[in-house]
Every structure is written in structure tokens, then in C-alpha cells.
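Hi there,

Here is the structure I promised to pass on to you. Please have a look at it first, and my notes come after.

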Amino acid sequence: FEGNISSIADLTGLVLLELDNNQFSSTIPEGLGDAFLLETGTFHANFFTGSMPLSVCDNVDPLGSITTLTADCGSVNPLIECICCTQCFNGPVCGVSQETRAVQIFEILRTVSNPNDLENPNTPEGQAFDWIVFDDDLFLCPDNATLTQRYVMAVLYYATDGDNWTICSNTEEGTSNCGIVTGDISSGFNFESRPAYLTAVSECEWFGNSCDENGAMKSIQLD
């Protein structure tokens, strides 16, 4: 959703107002402070500017009923100033809403995978897509040059039942047993100092992988 929310100021009976992860802009209306019953207001991951109205701040607990109030007030140069928010965020990732980011990533990955597989959470492709969009701590933007490569490596992980690997899987046990000397080093089977798959580093650094000077995958060693 996009546009401004000035008309919301007339809804004085609001209790819940969740507007996060959209493309709303302009300012948060001063009249929202008249919603004395409001308990939750989430405005983060949008393009609001200016300041959180003092009338809204006056309603934040313990002075008023608001117990959750969020906005994009957490970066060095925040989109909005908020002296009363219960949580500040850094703003919309990649300059778009989370929904738009997901759509853009889908459009890119459908060039390498069947769209039906991407939409199916039970396929390796669907699991990898969901991980890229929602769970990957690197949170790549759609225009990132390594997006497709990282996705393909995630597909490999899920297609080979990676969560049940005996070493270096993306599970608590698998992550903890990665980075140690394992197997016959003379055969090249050495995972020392290498992070597990699906961890928040470049896929080039995941165990068994290596890339060239341009960051393109050069070799995969899982034997």
C-alpha cells in the first residue's frame, strides 16, 4: 500500500493500527493523538518523514494506552524523529517495502526456477526462496549481484536435506560442529574454520565452497 494516511486521524476509536512494511509517505497526522484507546501503532518500514506527533507521544504508556509504537527512527539519519517510540527501525530495506522486495526477488528467481516451485513451500526452490526473503540475515536486495548464486546454493542445501547433514548444517548442532577439522585432510575433506551453510556470510565462505576473484562460485566440495 502507498500514499498518505491523513484520513486515519478521524478514526478516534482505533485500538490497533499496524501499517508497517508498506510504502506510505508524508507525515503521521497530528490528529492521531485523539485516538485515546490506541494500544498499538506500527509505522516502521515505510517512507514517513518529519516527527512523531507529540499528541501521539502523550498517549504512550505510562501516560496513555499505547504500549507498542514503532517507526523508522533508528538509523544515523532517520526518516522520522520519535522520542517516544518503544522500538526504532532503520527504515525500508532496499528502499522498498518488504512486500515489494519479495515480489522483485521472485521475478528475478523465476528466470532460473519454475514459478510454481518457488511458490510451493514444500519444494527446495520454495524453501530457498522463503529463506532468501525472510530468514537470511544478509537480507539481500533484488539488485544484488550474488542473489541468484546464493539462492542456487540454498536450493542445493534444501534439495540434499541439509538440515540432516551430519556436519555443517544450518541447525544448532550442525552449526556448532562446523569449523573443526573433520575427515581425512589429505583427501581435501577439511572444514576447519569454515562456517555452516545458510549462515550470515557470503556463500563463498560456506564449507566446501570457493569462489573466484569476482565472487562467482568456482568449486563445491561436499564429498
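This is a predicted model: local features need pLDDT of at least 70, side-chain atom pairs count only at pLDDT 80 or more; totals for chains, interfaces and linings use all residues.

Residues are numbered from 1 along each chain as its sequence is written, and side-chain values use heavy atoms, leaving out hydrogens and water.

The chain has 6 helices and 10 strands (DSSP runs: H or I of at least four residues, E of at least two, numbered from the N terminus). Its radius of gyration, taken over C-alpha atoms, is 22 Å, well over the 17 Å that the globule rule (2.2 Å times the number of residues to the power 0.38) gives for 223 residues, so the chain is more spread out than a compact globule. The C-alpha trace spans about 70 × 35 × 35 Å along its principal axes.

Now the helix pair. The axes (lines fitted to C-alpha atoms over the stretch in contact, with angles from 0 to 180 degrees between N-to-C directions) of H4 (residues 124-135) and H5 (residues 147-159) come within 8 Å and cross at roughly 130 degrees.

Val155 sits in H5 and is buried, at 16% relative accessible area (buried is under 20%, exposed over 50%, partly exposed in between, with a 1.4 Å probe and protein chains only). Leaving aside residues up to four places away in sequence, Val155 touches Pro124, Glu125 and Ala128 (heavy atoms within 4.5 Å).

Best wishes
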